[in-house]
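Reader: I would like to learn how to read helix contacts and salt bridges in a model. Can you take me through one?

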Amino acid sequence: KENLIHEIIELEWEMFQKTQNIGGPADCQKDRKAFELHRMSQAVAWTEAPLQSYLTDLKDAVRQGRNLVSEKYARMMKSTSPEEYARIAPLLPPLSHQVSSLVTKIIEIVIQWQEDLTERFPYILEHGRPLYTSDDKPHSTSFETYLKGELETYSLNTLSLYYECLLEQKRNNVNASEIDLEHKINHYGYDSLEDANTTLMKKKEGDSHK
C-alpha cells in the first residue's frame, strides 16, 4: 500500500507542476512537502483496491495526454468562477449519469464525517477550508467543491471501489476523514486530535486576551 501511495503522489505531483494558474505558478506548487502531506493523509484512509484503480486512472491519463489535477481545478470553477468555467467546460470530458450519481453519494458520506469533525474539533477545523459549496468565493474554495472536483476526475471503477470502501468504514463506525486529519496533525507534532484542538483553543484564548 505504501508503494502504491508513493507512486500515486509522484504522478500527481508531476501533473500539479504542469497545471496552469492564472497569474503564474501558485505558492503551493512550490511546496512539495505540503503537497505530499496532504495527498498522503488522504490516501492512508483508503483501502488498496481503490488506490490501485486510481493509480491506473493516473497512468491512463498520462498515456492520453490528460492532466487530472488540471481537470480537478477546472471542475471546481463551476462554482467558484462560473463565467470562466463556461469557457473551458467544453474541453472537459463529459460525466456519465453513473459517475455523477456516485459522486453525490460519496460527498454525502464525507460531508457527514467532516461535520462530525467540525463539531468535535472546532479549533482545528476553523483553520481549514469552509465546508459547503454555498460558502464558495472566487478565491476561496470550499471542502465540498474541492471534493466534488476531485471525484469527478476518477473513473467509474475507482469511484465504485472508493464508495464500497466508504460504506465498509461507515458500517464499522470509522470516520475516514478523522484518519486523514489525524495523519496531518501527527506530522505537526501533536499526539492526538484532542491534543491539537486543546492547544489551538488555548492559543486562541490567549491571543484574544492580548
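**Helix contacts and salt bridges**

Author: Start with a pair of helices. Val103, Ile106, Ile107, Val110, Ile111 and Gln114 in H6 meet Phe143, Glu144, Leu147, Lys148 and Leu151 in H8. This contact of H6 with H8 divides into eight nonpolar residues, one polar and two charged. The model is predicted: local features need pLDDT of at least 70, side-chain atom pairs count only at pLDDT 80 or more, and totals for chains, interfaces and linings use all residues. Residues are numbered from 1 along each chain as its sequence is written, and side-chain values use heavy atoms, with hydrogens and water left out.

Reader: What do contact, helix and the residue classes mean here?

Author: Contact means heavy atoms within 4.5 Å. Helices (H or I, at least four residues) are DSSP runs, numbered from the N terminus. Ala, Val, Leu, Ile, Met, Phe, Trp, Tyr, Cys and Pro count as nonpolar; Asp, Glu, Lys and Arg count as charged; the others, Gly among them, are polar.

Reader: At roughly what angle do the axes of H6 and H8 cross?

Author: An axis is a line fitted to C-alpha atoms, for helices over the stretch in contact, and angles run from 0 to 180 degrees between N-to-C directions. The H6 and H8 axes cross at roughly 145° and come within 10 Å. Their crossing is right-handed. That term applies if the near helix is turned clockwise from the far one by less than a right angle; anticlockwise is left-handed.

Reader: How do H1 and H4 lie to each other?

Author: The axes of H1 (residues 2-18) and H4 (residues 68-80) come within 7 Å and cross at roughly 60°. H1 and H4 are therefore oblique to each other. Angles under 35 degrees are roughly parallel, over 145 roughly antiparallel, 65 to 115 roughly perpendicular, and the rest oblique. On the H1 side, Glu12, Met15, Phe16 and Lys18 meet Leu68, Val69, Ser70 and Tyr73 of H4. Five of these contact residues are nonpolar, one is polar and two are charged.

Reader: How many salt bridges are there?

Author: A salt bridge is a side-chain nitrogen of Lys or Arg within 4 Å of a carboxyl oxygen of Asp or Glu. By this rule the count is 15. One of them joins the side chains of Arg39 and Glu150, at 2.7 Å from N to O. Arg39 lies in H2 (residues 32-43) and Glu150 in H8 (residues 143-151), so the pair ties together parts 111 residues apart in sequence. Salt bridges also link Glu12, Arg39, Lys72 and Glu150 in a network.

Reader: Are Arg39 and Glu150 buried or exposed?

Author: Both are buried. Buried means under 20% relative accessible area, exposed over 50%, and partly exposed in between (1.4 Å probe, protein chains only).

Reader: Which residue forms a salt bridge with Glu178?

Author: Arg120 does, with the closest N and O atoms 3.1 Å apart. Arg120 lies in H6 (residues 97-120) and Glu178 in H10 (residues 176-187), so this pair ties together parts 58 residues apart in sequence. Arg120 is partly exposed, at 36% relative accessible area.

Reader: Where do Arg171 and Glu168 lie?

Author: Both are in H9 (residues 156-171), three residues apart, about one turn of the helix. Arg171 counts as exposed at 54% relative accessibility. Glu168 is partly exposed at 39%.

Definitions and conventions:
Helix = DSSP H or I, 4+ residues; strand = E, 2+ residues; numbered from the N terminus.
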